[in-house]
Amino acid sequence: MPRFNIPAKDAQGPLVVGIDIGSGGTRAAVYDVSGREVGKLQHKEIHAFTVDDDGTSTIDADQIVAEIRTALSAVLGHGELPGDVRAIGFDTFASSLIAVDTAGDALTPCITYADTRCHAQVGELASRIDVEDLHERTGARLHSSYTAPRLLWLRKEHPEVFARTARFMALGEYVAFKLLGTPALGTASAAWSGMIDRRTGQYVPELLDAVGVDEAAMGLAIDPDDALPVAGTPLAAEFPQLAEAVWLPVIGDGLAANLGIGALGTGTWGISTATSGAIRQLLDTDIPALPSGLWAYRVDQRRTLVGSAMSDCGRVLDWCRNELAMPFDIDATDTATLFSGPPSQGTPLVVPFFSGERGTKWRGSSRAMFTNVGASTTWKDMLLGAMEGVALSFLRIADQMREAGGEPERIVLSGGMTGAIPGWLHLLSDALAMPIDHVAVSRSTMRGAAVMALEQAAPEIPVAEAPVLARVEPVLAHQDYYRERLERFEKLADLA
């Protein structure tokens, strides 16, 4: 995948640093004013979540702090930088929780979005709160990946820890506290808690009451414009190269992914096709009535990130590779022909919910279903049906996206799954009845954090556009086929 970098000798200031905390590692890199990585000034520290059969998914928060220090040492310690660093952008995987004591030390590991131990508390809260009203106000649904049920779980299952807790922090907030001495929780990250009002940025009182937490124990949501000066902090003492910079409050990786691939304006959808998939759009207008299948996360006083996600995107391709006796090296087959041919009613209809359903109906117990499979059905037919099912999963999200923000002017897409089988984009373009620009920027999430930093460091200078590998045009004559398939898909999904 293209690195989209610029030689250090050609870099133009001001510079920014992007920091990205993902599920597989901690990254940092230096970017110039165009939003390109500078030379080889990038570094990654590998890590993994601690998981268990009971639903545990955690990581040591202090380990992350140490990894950031190591990564910054690597990217800032290669001689003189070709300019001054003016801002630091920072994203983490969304929805995380750390209980912190009065001394500022972690009482728990960082509980990640993937931790499901609070599943019972989701049901308990749903019986006590109007979930539809909560979705409309916070832009989030009651789900085990959000903070409220996790707080209730901690209170009930670990009362001694809960009693000793002075503050509940998101991972990015905790990192800022350890590096700067000030906990800085970005509005976009606070919104991912599912506990703040998407219009006001304030915590929802009824939700705090339901989980037994005082608002003072939660972090204040800080907009990107309220970046923290690094001067005079422990971070500046450790890295003098950052003394003139500001630290932007942490954002979630979904927002960073959109910014990194060029989905910057209100008219652009950003689509991710990794293990999971998502459509996201930045809107600067209110959404009077949020469609039930979407989430809406406040970014600042002006902008909201709206979208929805599916658990199974690239995972569907992995399942096909492993279970259908198909060649693992999918490029060895003529997938371009397979995916760009005329649609056929004989193709299996597949609801690809191998990991349950997220957008649009959020039924976690759903499972995959295959229909129209006969004795003559081949693995190619099954693969085609499965990937059509992924396209239909995106289409049902897209329909609600249009309700919220209207017809997009442009769609940009990236992700490892599409990189493996780019011919699949013909299915998706036909289903959405829209052209798709397939872009490829290595470490796009980290770049998104840097682009957010450049909003503060150089607001008057537009960043370079992400390179387009290919533009796929839809065959509009296929639209009726996908609309009919979607009707059948929804009926089948209700049974799944």
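A nonpolar core here is a set of buried Ala, Val, Leu, Ile, Met, Phe, Trp, Tyr and Cys residues joined through side-chain atoms within 4.5 Å. Buried means under 20% relative accessible area, exposed over 50%, partly exposed in between, with a 1.4 Å probe and protein chains only.

Ground rules next. This is a predicted model: local features need pLDDT of at least 70, side-chain atom pairs count only at pLDDT 80 or more, and totals for chains, interfaces and linings use all residues. Residues are numbered from 1 along each chain as its sequence is written, and side-chain values use heavy atoms, with hydrogens and water left out.

Now the cores. The largest has 63 residues, and Phe168, Met195 and Leu255 touch the most other members. Helix α16, residues 444–457, gives the largest share of this core, six residues. Helices (H or I, at least four residues) and strands (E, at least two) are DSSP runs, numbered from the N terminus. Take Met195. Beyond four places in sequence, the contacts of Met195 include Thr138, Leu151, Tyr203, Leu207 and Met218. Contact means heavy atoms within 4.5 Å. A second, separate core holds 55 residues, among them Trp269, Leu290, Ile436 and Leu486.

On to the sheet. Seven strands make an open, mixed sheet, in the order β18-β19-β17-β16-β22-β23-β24. At the edges sit β18 (295–298) and β24 (468–472), each pairing on one side only. Two strands pair if DSSP finds at least two bridges between them. Neighbouring strands are turned by 25 degrees against each other on average, direction ignored. Strand β23, residues 436–439, pairs with β24 in the antiparallel sense over four bridges. Ile436, from that second core, stands opposite Val472 in β24.

Two helices pack on this sheet. Helix α13 (379–405) touches β16, β17 and β19, and its direction makes about 15 degrees with that of β17. Helix α15 (425–432) touches β16, β22, β23 and β24, at about 145 degrees to the direction of β23. Axes are lines fitted to C-alpha atoms, for helices over the stretch in contact; angles run from 0 to 180 degrees between N-to-C directions.

Arg321 lies in helix α11, residues 314–323.
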